[in-house]
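Morning, everyone. Let me put the model up, and then we'll walk through it.

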Amino acid sequence: MTYSTKSTLWIVSVLVFFVLATRVAGLTGGPVLMIFGLCFACELIDSGLGMGYGTILTPALMFMGYGPSDIVPTILMSELLSGFTAAFFHNEIKNVDLVVGGRDMGPAFILAGGSVVGVAVGVCLALALPQNLLRMAIGCIILTSGLFVILLSHQIIAYRNWKMVVLSSLASFNKAVSGGGYGPLVTCGQILSGVPGKSAVGITSFAEAFTCLVAAGFFLARGGYVNLPLFVPMCAGALISVPFSVFAIKKASEDQLKLVIGGLTLAMGALTIFKALQLYG
């Protein structure tokens, strides 16, 4: 079965789910379509460049009136599904090799394993930490990562498993606390260590999905909940966008991809710092 056939079947299946779920739940009106479109756009960026879904979506949903307790666990559950879906389609189109014994499966599991520590600490300390200071620090780290990707795009830092574990722990801590910020650190860290851009994006999708699985489990165990009226359009919009972004990355050159990822990471870092400064003000 060709990639286009699988993509078409997937999109039709998700659309059927979306229509049925909205009817059963009685969801209608502009907000549902707005969330659907917003999540489609955010996941289009995330599945294609390995970052942006939670980082963009969290402040956007807060602006729409949703609280952190509604947003973070719901984003985690949504990205759990879209992340594994993106990893599957990246593997199908050969952007990444995630089959058993494939060249990218080892790095993916190293990143996924490192996320457990960061998630556990992040969920347990999320309410006790000074949030504004934390956002500022994370924003600076992300901003610096993007700058390094652009400036060092033709240089390679030696790949070390322990570096990936540390990077994944920090990124997953950020994910558990804010719902975003995982992809910029992990994708850029891999690229700086010599991992090809397309492989880095696919590996990040897999590792981030596993991170979301662990984080969502911790949140639910501690009394958190998934906002179903928010989850349905969020999940549908994200899942439909995956085949489009994966195909676009297949056609991109590695040099172009590095520059785009570096530039977007800079923007994500600046946005995070801006949000922190607003809250301080």
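Start here: is cysteine 212 buried or exposed? Buried, with a relative accessible area of 0%. By buried I mean under 20% relative accessible area; exposed is over 50%, and partly exposed is in between, with a 1.4 Å probe and protein chains only.

Some ground rules. This is a predicted model, so local features need pLDDT of at least 70 and side-chain atom pairs count only at pLDDT 80 or more, while totals for chains, interfaces and linings use all residues. Residues are numbered from 1 along each chain as its sequence is written, and side-chain values use heavy atoms, with hydrogens and water left out.

Next, the other cysteines. The structure holds zero disulfides, a disulfide being a pair of cysteine sulfur atoms within 2.5 Å. Cysteine 39 is in none; its nearest cysteine sulfur belongs to cysteine 42, 6.3 Å away. Cysteine 39 is buried too, at 0% relative accessible area.

Now helix 2, residues 30–49. Helices here are DSSP runs of H or I, at least four residues, numbered from the N terminus. Helix 2 has 20 residues and reaches 29 Å from first C-alpha to last. That is close to the 28 Å expected at 1.5 Å a residue, where the expected span is 1.5 Å times one less than the number of residues. Its buried residues include Val32, Ile35, Phe36, Cys39 and Cys42. Just after the helix, glycine 50 takes a positive phi of about 80°.

What sits 7.6 Å from glycine 50, C-alpha to C-alpha, yet 150 residues away in sequence? Alanine 200. Alanine 200 lies in helix 9 and is buried at 0%. Beyond four places in sequence, alanine 200 touches Thr187, Gln190, Ile191 and Val195; contact means heavy atoms within 4.5 Å.

Serine 205 is in helix 9 as well. Serine 205 is buried, at 5%.

Last, the cores. A nonpolar core is a set of buried Ala, Val, Leu, Ile, Met, Phe, Trp, Tyr and Cys residues joined through side-chain atoms within 4.5 Å. The largest has 18 residues, and Leu98, Leu111, Tyr182 and Ile203 have the most contacts inside it. Helices 5 (105–125), 7 (161–178), 8 (182–192) and 9 (197–221) each supply at least two of its residues. A second, separate core has 13 residues, among them Ile11, Val32, Phe36 and Phe231.
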